[in-house]
Number of protein chains: 2
Amino acid sequence: MGKMVRVNMTDKKVTVEPLPEKYAGKGGRWLSSMMINDEVPADCHALGPNNKLVIAPGILSGTRAPNSGRVSVGGKSPLTGGIKEANAGSPFPQNMARMGYAALVIEGLVEDGSLWLLKLDINGGELVPADDLKGKGAYETGNIIWEKFEGKPAFVVNGPAGEAKMTMAGMAFNDPEGRAARYAGRGGLGAVMGSKGLKAIVLDDKDAPGVKPVDEEMLRAGQRKLADSITSHDLTKKGGGLNSYGTALLINVLNEAGGLPTNNFRSGVFEGAKKISGEALAEAAEKRGGAGTMGHRCHPGCIINCSTVYANEDGSEHVSSVEYESIWSLGANCGIDNLDQVAEMVWICNDLGIDTIEAGCTIGVAMEAGLAEFGDGEKAIEMLKEIYKGTPLGHILGQGAQFTGEAYGVTRIPCIKRQGMPAYEPRAVKGIGVTYATSTMGADHTAGYTVAPEIAGVGGSEDPLATKDKVSLSKAFQDTTAFIDACGYCLFIAFPILDIPSGYEGVIETVNGMLGTDYNADDVLRIGNEILRLERDFNMRAGLGKEADRMPEFMKYEKLPPHNHVWDVTDEELDSFWD
Amino acid sequence: MGKMVRVNMTDKKVTVEPLPEKYAGKGGRWLSSMMINDEVPADCHALGPNNKLVIAPGILSGTRAPNSGRVSVGGKSPLTGGIKEANAGSPFPQNMARMGYAALVIEGLVEDGSLWLLKLDINGGELVPADDLKGKGAYETGNIIWEKFEGKPAFVVNGPAGEAKMTMAGMAFNDPEGRAARYAGRGGLGAVMGSKGLKAIVLDDKDAPGVKPVDEEMLRAGQRKLADSITSHDLTKKGGGLNSYGTALLINVLNEAGGLPTNNFRSGVFEGAKKISGEALAEAAEKRGGAGTMGHRCHPGCIINCSTVYANEDGSEHVSSVEYESIWSLGANCGIDNLDQVAEMVWICNDLGIDTIEAGCTIGVAMEAGLAEFGDGEKAIEMLKEIYKGTPLGHILGQGAQFTGEAYGVTRIPCIKRQGMPAYEPRAVKGIGVTYATSTMGADHTAGYTVAPEIAGVGGSEDPLATKDKVSLSKAFQDTTAFIDACGYCLFIAFPILDIPSGYEGVIETVNGMLGTDYNADDVLRIGNEILRLERDFNMRAGLGKEADRMPEFMKYEKLPPHNHVWDVTDEELDSFWD
């Protein structure tokens, strides 16, 4: 992987360059965050000419290492104002890596409002006019690409929300069946893509040379250990929790723990939880039959298969995938307990090209502001449709939960660094709150998923309501996660490797096999921390210092039922994260 | 002035307290910023229960010192996120000081959405229900107060925008004729008032003991020197520039200097400038006759009289006052060259209770976003009316220029610390740009008016296009201004006292006479700087560090006609402001 592609939208030049030495052996989040930190002025306008997008497959993407098909997208976030890495599982990074490209950098701006599609093959690429795709939904755009281009190519597209530079817009990568539905969703990178006048990127991987590990044998040995751990852990094995119920298996679990944010974070318990649980999802898949299925996968090489396809009552496909975070945000957080309505909202979000977490937080805040009643699914669907229409209300909602709250003078806004909180109440699960507050990404569960020991009993067991040692717990998770994100591994390998030492060894061996390095477990933490610190460096220069590492004020004085805890990790403890 | 009043909106308690010793001898901005810094957590939600409003007359308010009728309002700004002091000229601070109150602190929140009116007399005060005033315009509210309460009392009211917690809402103090039209306008303090459920404050100054200077004679001597300088300087004397043409005399001056921001800061020259100039204003006053007049005053004791009353064609009153900043923001900055349309917009802004500078910047940005054509006055008026209606568009516009730009993905947003820039193009007048960037208040010309030497030839003469020494120039102005704001003096005394040394002596003597202090010119700068540093301290704790002291990026790469300068004071120079 010694090459990178640079695309200048201003003069429409596409250049293949050798990857600078300093980036050798980097991948995924490591590479995207390094490049953004190196090339983007931290104080630039995120939608202006000086921001860039970096798309980077993980270090192991394109190999046979299981679950290594994550692609990282980096840029300055128009939502948080800080650095952003959002990743998605898709065939895209596998193909891109096999084509020999370690990174794709998109820079400059189209000045005349025209829209472009980037075609890449192993010899380079070109920008072709795409004004005919203007305003088209992500789904339709993906379908047109699969019709128009040979070989069912991997792609990434931008939806209408990204075109309109809305900060809840994500970038939609294809799944193995060509659905534009695998999102690098958080932080508004679709808005950056939109600002640049780029509608889609299509990979033609014909004659791709493939990925050449330095030590094939070691990679293979590591891969086997990792695969064995995945296929033997209760959460990730075939017929295990994730495979049977999807990520939504967490709905009942969090609800029982009193940590499922309900009605814009007014309670940790949702009466209608069972009706939107993973169990309900699996039951619907079985009952309705047809296209509906559990155990779908987002990329070839995945051996967990936690994705889902949700069917209409007649068995026809409604939407894929219906994830825990989406069911929570668009369901429980809005007081909505109807899976069909939630599925419809997920479809609309996907087609608009917006982050479902941010969308659900936004509707929750809009309900708080009195724009609809909690539980009114029809009204929630109508609100999402305003975003398509580009009405003033659509422009408010499209900018996310913080923005919507500000538009209506709401004080209960569940955001950190202007990014909406995910599906775990920080007052009920304190470690994940520390992650939300301290993550360079804004409120983000994937940055350091302490929910594993706090709720799922994975990697030990921690009292979710206790505050003690939660900063060090979050730190260990965040460091490790940054490394996993560099590899291109799916975060769900964390479950087995936390509990099964040989799985963790396997991960390190796959990296060493791929790169010829001699990394050990200490290096994992060291490299992860190095990634976080360069992201933090960017954020500091962008004006996001420790004062941005704060829980929303209302969580400090409002007690959350049923445990009636406030947020009580002190600011000083949070600040110690960076000591 | 040894007393203060504390009003708790949560339990409806009004308490008269002795003024703590540490606040003795402070007034205006000095006192409001100290109290906010002491009592308000910098990281609180500005519309939540932990923010406060402090209303403080200047040190000299209530005395016979000329032009000393400015009242400071302090709080955490919901617009900038930092500390805010906004001041207005009105009979209010004169009466409040004479009643013996150095400060009025409003804290807590009404929880049930009810609305209240605060009555104060020399024995204390009470909150009375004011739900009947809900949604009423500032003008009507003021009129009702003058009808209902005896003695044509001084008052301050909140308009519908403040009730709706919009961050461009200001607080409207009365003028001598009872118009609710003298604004502590900037930074959204009306939204804070709205969040607290307070619609109006009415002062009953019956039996007010008056203000007792420590050294009456010295005060009188200083007062004469200051008055002499005011009445002899070309800009401030009777029949001088400000008296004859109002503040709008600057329209032609700035236009000729290429520094009148036009069409959302796309040019420094406006073709229609003459039609909206101070000269045009004076001509209209003469031609139309009737209520229209130049030389109006905002408070008794003013001897400059730069305020105006604008008449309709039939001579009936249209609006008071039509100021330079308003004509620029709602006129030139929106490409509108029709004074009647501008006057109508000023009336609407006043009645809504919003800051005209922010309103004009917002409409300029909305035009940039394509919501209307530059120059379309009818459409601009319609847009302002959306704010009354509380439509989604009204909720966008009501939150100001930065917010509106963000709603529509605009990169050309002329704001610093989220506050819209006033009427001087920083690329053409570099010193005022330094003030915009470094002021603790966000973009604010009144914080350090280097325009005096850069454009008006007052206090020396500086090349407006040069960058050299502009940081020290701005610093000297900002330090001095903070002291003037502490005194309750109108900023326009700066013109004579910059040019006439005895006038400056007079200012210091009035303070020493009032307080029994021994301040000299060094103390003025020292005290001023002390005020700035405590405001800066608040801002740092609120997360507004040096990265917030920045010019909008587009001004760094886009050349401004006619001089074709970019903003070229470096960030390092700006940072040296706080060294």
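Figure 1. Of the contacts in chain A with a separation of 6 or more, 72% join residues 24 or more positions apart; two residues are in contact if their C-beta atoms, placed from the backbone, lie within 7 Å. Chain A contains 23 helices and 17 strands, which are DSSP runs numbered from the N terminus (helices: H or I, at least four residues; strands: E, at least two). The C-alpha trace of chain A spans about 60 × 50 × 50 Å along its principal axes. Among the 579 residues of chain A, 66% are buried; a residue is buried if 20 or more other C-beta atoms, placed from the backbone, lie within 10 Å of its own. In this predicted model, local features need pLDDT of at least 70 and side-chain atom pairs count only at pLDDT 80 or more, while totals for chains, interfaces and linings use all residues. Residues are numbered from 1 along each chain as its sequence is written, and chains are lettered from A and ligands numbered from 1 in the order in which they are written.

**Figure 2. Helix α20 (residues 501-515) of chain A and its surroundings.** The end C-alpha atoms of α20(A) are 22 Å apart, which agrees with the 21 Å that its 15 residues should span at 1.5 Å a residue; the expected span is 1.5 Å times one less than the number of residues. Because 12 of its 15 residues are buried, α20(A) is largely enclosed by the rest of the structure. Among these buried residues are A:Y504, A:V507, A:I508, A:E509 and A:M514. The buried residues of α20(A) pack against α6 (216-232), α18, α19 (494-499) and α21 (521-541) of chain A. Just after α20(A), A:G516 adopts a positive phi of about 75 degrees.

**Figure 3. Packing of helix α1 (residues 28-39) against helix α18 (residues 470-487) in chain A.** The axes of these helices are 4 Å apart and form an angle of about 95 degrees; axes are lines fitted to C-alpha atoms over the stretch in contact, and angles run from 0 to 180 degrees between N-to-C directions. α1(A) and α18(A) are therefore roughly perpendicular, a term covering angles of 65 to 115 degrees. A:G28, A:R29 and A:W30 of α1(A) meet A:A482, A:D485, A:A486 and A:C487 of α18(A). This contact comprises 4 nonpolar, 1 polar and 2 charged residues. Ala, Val, Leu, Ile, Met, Phe, Trp, Tyr, Cys and Pro count as nonpolar, Asp, Glu, Lys and Arg as charged, and the others, Gly among them, as polar.

**Figure 4. The side of chain B that touches chain A.** Here 29 residues of chain B are in contact with 29 residues of chain A. The elements giving two or more residues to this side of chain B are α5 (189-195), α14 (392-397) and α15 (401-407) of chain B. α14(B) gives the most, with 4 residues.

Terms used
Angles under 35 degrees count as roughly parallel, over 145 as roughly antiparallel, 65 to 115 as roughly perpendicular and the rest as oblique.
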